[in-house]
Amino acid sequence: MDDMRLVERTVEQLQSKIEAKGVQVYYGEKHALKDVDVAILDRTVTAFIGPSGCGKSTFLRCLNRMNDTVASARVMGSIRIDGEDIYDARVDPVQLRAKVGMVFQKPNPFPKSIYENVAYGPKIHGLAANKAELDSIVEASLRKAALWNEVKDRLDATGTGLSGGQQQRLCIARAIATSPEVLLMDEPCSALDPIATAQVEELIDELRSQFSVVIVTHSMQQAARVSQKTAFFHLGSLVEYGETGQIFTNPKDPRTEAYITGRIG
Amino acid sequence: MSDATAASPIPTAHPRGKSSLFEQDALTRRRNAAETRFRLYGLTAIVVSLVVLAIMLFTIFRDGTSAFRQASLSFPITLDAAILDPNGNRAPEDLAKVTTIGYGNLIGQQFANFLAAEGIAVEGITDRDISGMVSRDAPGRLRDMVLANPALIGQTIDFTAYATGRIDGYLKGRVTMETAQLDSNVSVEQLQLADLLVERGILSVAFNSGFLTNPDASDQRPESSGLGVAIIGSLYMMVLVLIFTLPVGVAASIYLEEFAPKNRLTDLIEVNISNLAAVPSIVFGILGLAIFINFAGLPQSSSLVGALVISLMTLPTIIIATRAAIRAVPPSIRDAALGVGASKMQTVFHHVLPLAMPGILTGTILGLATALGETAPLLLIGMVAFVTNYPAGPLEGGVLDPATALPVQVYSWASRSDPAFIERSSGAIIVLLGFLVIMNVAAILLRRRFERRW
């Protein structure tokens, strides 16, 4: 934990974007997430760390209601985005997911052209009035995802033909093309090599200026490198949540310390 | 690892003794022998099935190819106005009064006259024997020609008629002088005359497109029977089956796979769909007879009823294939689509369905191919009938007209007594196999065309 950046890491934002209170998740009989309270700040990178099966991905998937697709999942408690409860009966998950984008563990571009991949979201949400607008959205998204220069000459090539790192950046471009307010990333670098990982991490840091980014990661170094706030989950509970520097250098909970120093996990 | 120290001592080196990598030990030899044996079993199985297939194809083609060639006689006929138009006014209603018997006499007479004029004669042959060499199909054909074009009356035309099945059989080697002596349908003199006619080029064997276009014909004139009605019937049925099953099958599969809650009811439905695929096809025939014909009152022998029955049979196959294809689409694609805010239906129609398309199409075409060869249910709804009239066009209600289907025609010809039908039923099998091969190739091509990687 001798990353120099830790020292100068400060959280400028104080306004919270997502507020979760007493979130419980059951998968059938299994109590997967126990009473999680967390406030995620706007324009901040928040990292969720913890051993496998601790509930961090489950919680992430609650934030855009992807858990709805799991038949046995039940979610209780309240999760508010900008003060609106996303589990309210009036909320259409489709609308919510346009607002809360998601990038998955394994790069999963559609087996269509690069252009189509990025344009799909704006198209179905009616964000572009004409082809020119759509083109500019695609270009802007690819630029933000640091992919434009690599693919601008072959937008018609299929997205699945890109390298793993490029595919993941394409997925990020696809996620930000709908101009979400929150970007959820579920271990976005676990299938990538170190160079692609570095590119994606750099990208995450840039995205912070516009989005609230929540990233689940198994790599504590990655959490330390990219996040301002870190939450440590263990056995379905949120053990500790604080500024990244504090979590890694001066954890308050003995379990956090044990995990960070590699004794549990 | 601290708890392992007390118990098991670390085994000493070389438990198998000192051995060379160049020598196989007993265990390795046994394993290799087992592997060799297994490979031989597999190879034998494949060779046996290929040999059986080859024998089957060989016999079918040996017996069936001759059905596509037919012996026919060509000779000039003077269409005598005195016989064909006794009133001399060319009025269609008067022309129609002359029956095929009149035309038959005319043809026989003219043929005998022609042979006499050409000086072709065989000792002891009667005029009756000579006219008996022309197919009984010829008078009807000539009459149709004249009724369609009355201007022919009074002219001399070159007429080509099928030779009878026995003469055809003689030229193909099925009938010999020895068998002719025992056969009341053909005389030795006729065969001798046939030899002379072949020399003079009057009688010849040529490709017979009528085998594919003619309707069925009775035992009296096997030479003029063809697959026309059966091909039209099969075609109507396949198109209707496709129209009935594809939308229903795909919709049912999508619902079951993507939308339906997983509970007892859907489990029950699933099990029953699989069971339906295993129900003997004749049961569907009885069902079709009871429901579509007896209850709903649809006409029997019609391709519509045949298509409905076969649709019921094919539906489970298509649903199973489609569900497998939908299930094979990786869940990550669904996550990706839902993640950018696509609705469930958009996810299915924009992403899942296009990816599942090759599998769906292959399953559908293979289901149709099975349906094309289905015979048993059609027997029960009366499609094994003797149909000599072509069904009307599809827009004129042709699907309600009586028709047969290719496999049923094979069955029906195979059970006829005249030996000329042996080659015809094998020939019909070749046509059926041809359609099946075309459908399978289409399935492969569609698969290649739509296949995408993810």
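Chain B of the predicted model is divided into domain 1 (70-208) and domain 2 (228-450), with bounds that come from an automatic or database domain assignment. Taken over C-alpha atoms, the centres of domain 1 of chain B and domain 2 of chain B are separated by 45 Å. This is a predicted model, in which local features need pLDDT of at least 70 and side-chain atom pairs count only at pLDDT 80 or more, while totals for chains, interfaces and linings use all residues. Residues are numbered from 1 along each chain as its sequence is written, and chains are lettered from A and ligands numbered from 1 in the order in which they are written.

For residues 231-442 of chain B, an unreviewed UniProt entry lists "domain: ABC transmembrane type-1"; UniProt positions are given in the numbering used here, feature names are shortened, and annotations may be inferred rather than shown by experiment. This span is 75% helix and 0% strand, and its end C-alpha atoms are 19 Å apart. Helices (H or I, at least four residues) and strands (E, at least two) are DSSP runs, numbered from the N terminus. In chain A, the UniProt annotation "domain: ABC transporter", also from an unreviewed entry, covers residues 18-260. Residues 18-260 of chain A are 37% helix and 27% strand, with end C-alpha atoms 26 Å apart.

At the interface, 18 residues of chain B are in contact (C-beta atoms, placed from the backbone, within 7 Å) with 21 residues of chain A. On the chain B side, the elements that give two or more residues are helix H15 (331-339) and helix H16 (344-372). H15(B) gives the most, with six residues. The residues of this side divide into eight nonpolar, six polar and four charged, where Ala, Val, Leu, Ile, Met, Phe, Trp, Tyr, Cys and Pro count as nonpolar, Asp, Glu, Lys and Arg as charged, and the others, Gly among them, as polar.

Definitions and conventions:
Contact = placed C-beta atoms within 7 Å.
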